[in-house]
Amino acid sequence: MRKHWKWLLAAVLVAVVLAVAWRVMGSRRAVQVADAQQAAQRAEPSVELAQADVVKAEQRELLRGLPISGSLKAVNSAFVKARIAGELQGLVLREGDAVKAGQVVARVDPVEVRARMQQAQQQADAARAQIDIAQRQYDNNKALVDQGFISRSALDTSQNNLAGARATHQAALAAVDVARKALDDTVLRAPISGIVAQRLAQPGERIAIDGRVIEIVDLGRLEMEATLAAADSVDVRVGQSAQLQVDGSARPLAARVVRINPSAQAGSRSVLAYLAIADTAGLRQGLFVQGNIATGSASGVAVPLSALRTDKPAPYVQVVENNRVAHKPVQPGARGEAEKETWVGVSGLNAGALVVRGHVGPLREGTIVKFTKSPSP
């Protein structure tokens with residue numbers, strides 16, 4: 001009987017030991033599984049994004065634009081040139097000075113021209129005196145012919161002499177007009193109102209005929225001369241609006257197409273279009289500008305152009321789905337401006353998809369996404 005109890009007690013002890021061992025092994029296995037899960041989670045890539053790093057794909061109306069660039073030019077500009085040769089006098093204007101139309105800019109030494117005018121005037125007076133002599137001779141001969149003292153041929157000769165004297169006088173008067181015009185040309189006047197852009201001669205310098213003295217530009221009306229490719233020029237029309245920007249400046253400039261050259265340029269086959277600038281305050285001739293001509297509009301699901309990635313054989317965008325990064329192949333369409341940013345229409349993407357912006361860079365597909373919490377107000 002005592003032996004039976006010993007075996008029973010031994011069996012109970014073995015059972016207790018086995019139960020304790022099984023329980024310890026189970027706990028150890030659970031710890032190992034938890035550790036494996038945490039290691040797997042640590043091995044998966046993750047990224048933390050702010051709300052500004054993503055944007056929703058939306059149905060948008062995009063204004064299609066044609067990129068252009070060129071320089072500003074004054075619609076009205078002029079060179080003041082010398083009409084006669086001589087010594088330049090009285091030029092005091094310099095670059096940046098304002099002038100009015102008709103204002104005296106400079107003079108050419110008039111001494112020689114004035115002497116020529118006096119000479120021409122004296123020759124005209126002499127020719128006038130010859131008319132008087134020829135007229136008296138004609139009157140005398142006419143009286144003699146009436147009385148029968150001389151022949152008719154003598155009267156015809158005196159009449160021809162009178163006509164010749166009158167013609168000589170008219171020629172002398174024309175020479176006086178030419179000399180007077182030359183004297184007037186010694187005074188150089190501004191043909192338009194504006195600002196002096198260049199001073200091309202100096203006082204005391206002997207200037208030739210058609211020699212340039214100063215350049216005047218009118219900054220009240222500026223336009224951009226844009227060079228268009230032959231294919232692009234087909235979509236441009238007079239009256240289309242444009243948004244331009246001076247290189248290095250954030251100030252937007254409203255413009256409008258006012259003229260299109262009817263002929264393509266030889267060699268390049270490009271077409272010149274001219275855009276009038278609405279607000280010219282602070283602008284200068286020669287500034288480089290660039291922008292877009294609005295050529296139409298298109299609607300559809302669109303994303304920022306910077307979010308469209310092309311580092312794979314097919315274009316795609318990075319989207320956030322179920323807190324993970326997914327790559328969605330898309331077909332890009334029309335581009336346009338919206339909210340002062342260039343957007344592109346895409347097919348293959350639903351409206352409302354959360355798209356990663358381009359400045360974030362490429363992310364591996366499947367990357368876990370965590371969003372930074374907005375700071376409490």
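Me: How do the residues lining the largest pocket divide into nonpolar, polar and charged?

Reply: They divide into eight nonpolar, seven polar and three charged. Ala, Val, Leu, Ile, Met, Phe, Trp, Tyr, Cys and Pro count as nonpolar, Asp, Glu, Lys and Arg as charged, and the others, Gly among them, as polar. This is a predicted model: local features need pLDDT of at least 70, side-chain atom pairs need 80 or more, and totals for chains, interfaces and linings use all residues. Numbering runs from 1 along each chain as its sequence is written, and side-chain values use heavy atoms, without hydrogens and water.

Me: What volume does the largest pocket have?

Reply: Rolling a probe the size of a water molecule over the atoms shows where empty space is left. Here the volume is about 530 Å³. Of the 18 lining residues, Ala 242, Gln 243, Leu 244, Asn 292 and Glu 337 are closest to the centre. (A pocket is an open set of points on a 1 Å grid over the protein atoms alone, where a 1.4 Å probe fits, with protein on both sides within 12 Å along at least five of seven lines; lining residues have an atom within 4 Å of a point. Points are joined across faces, edges and corners, and probe spheres set on them fill the volume.)

Me: Which strand gives the largest share of that lining?

Reply: β11, with six residues; strands are DSSP runs of E, at least two residues, numbered from the N terminus. β3 (58-81) and β14 (288-304) each supply at least two residues.

Me: Is Ser 270 buried or exposed?

Reply: Ser 270 is buried, at 8% relative accessible area (buried is under 20%, exposed over 50%, partly exposed in between, with a 1.4 Å probe and protein chains only). Ser 270 sits in the loop between β12 (252-260) and β13 (271-277).

Notes
Helix = DSSP H or I, 4+ residues; strand = E, 2+ residues; numbered from the N terminus.
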